[in-house]
Amino acid sequence: MAFRSHMQAALEEARAAADRGEVPVGAVVVSPEGAVVARAGNRTRELNDPTAHAEVLAIRAACAARGRERLPGHDLYVTLEPCPMCAAAISFARIGRLYYGAADPKSGGVAQGARVYAHPQCHHVPEVYDGIGAREAEALLKRFFEDRRG
């Protein structure tokens, strides 16, 4: 099967999150067969839940749809480098491949900061591919925060 990126779907979720006043981050879980199983955008403000990051919501929905707590062989596309909490959730869900857009020097947990997957305590490390759709993801984030600052 040829590679097909699902980052545009994640970017759609990020734009929808921005429209709701959320930080524009979107995530999509894709099955080993290439079908989108779940998609989500940030909802921390809407749900008053600091764990309602796009990645966590998409993983929860995918696990519910699949009827299991782990998603081996599944791919996760997310517009921003996952934070340490989300990186751990990705590991716990046994996601096979992580594709992310923009790097997050301030709060990232994969290539920046905590580098969750580099720790020996990390039981599962997904394949990681960064920079996918980074320009558009960065532009969304920059525009969102510029609008908030006035």
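Visitor: Why are H1 and H5 called roughly parallel to each other?
Guide: The axes of helix H1 (residues 7–19) and helix H5 (residues 134–149) cross at roughly 5° and come within 10 Å. Angles under 35 degrees count as roughly parallel, over 145 as roughly antiparallel, 65 to 115 as roughly perpendicular and the rest as oblique, so H1 and H5 are roughly parallel. Helices (H or I, at least four residues) are DSSP runs numbered from the N terminus; axes are lines fitted to C-alpha atoms over the stretch in contact, with angles from 0 to 180 degrees between N-to-C directions. This is a predicted model, in which local features need pLDDT of at least 70 and side-chain atom pairs pLDDT 80 or more, while totals for chains, interfaces and linings use all residues. Residues are numbered from 1 along each chain as its sequence is written, and side-chain values use heavy atoms, without hydrogens and water.

Visitor: What makes the contact of H1 with H5?
Guide: Gln8, Leu11, Ala14, Arg15 and Ala18 of H1 meet Glu136, Ala137, Leu140, Phe144 and Arg148 of H5 (contact: heavy atoms within 4.5 Å). Six of these residues are nonpolar, one is polar and three are charged (nonpolar: Ala, Val, Leu, Ile, Met, Phe, Trp, Tyr, Cys, Pro; charged: Asp, Glu, Lys, Arg; polar: the others, Gly among them).

Visitor: How do you know that H3 is roughly parallel to H4?
Guide: Helix H3 (residues 54–66) and helix H4 (residues 84–92) have axes that cross at roughly 20° and come within 9 Å. That angle therefore makes H3 roughly parallel to H4.

Visitor: Which residues of H3 and H4 meet?
Guide: Glu55, Val56 and Ile59 in H3 meet Met85, Cys86, Ala89 and Ile90 in H4. By class, this contact has six nonpolar, no polar and one charged residue.

Note on methods
Helix = DSSP H or I, 4+ residues; strand = E, 2+ residues; numbered from the N terminus.
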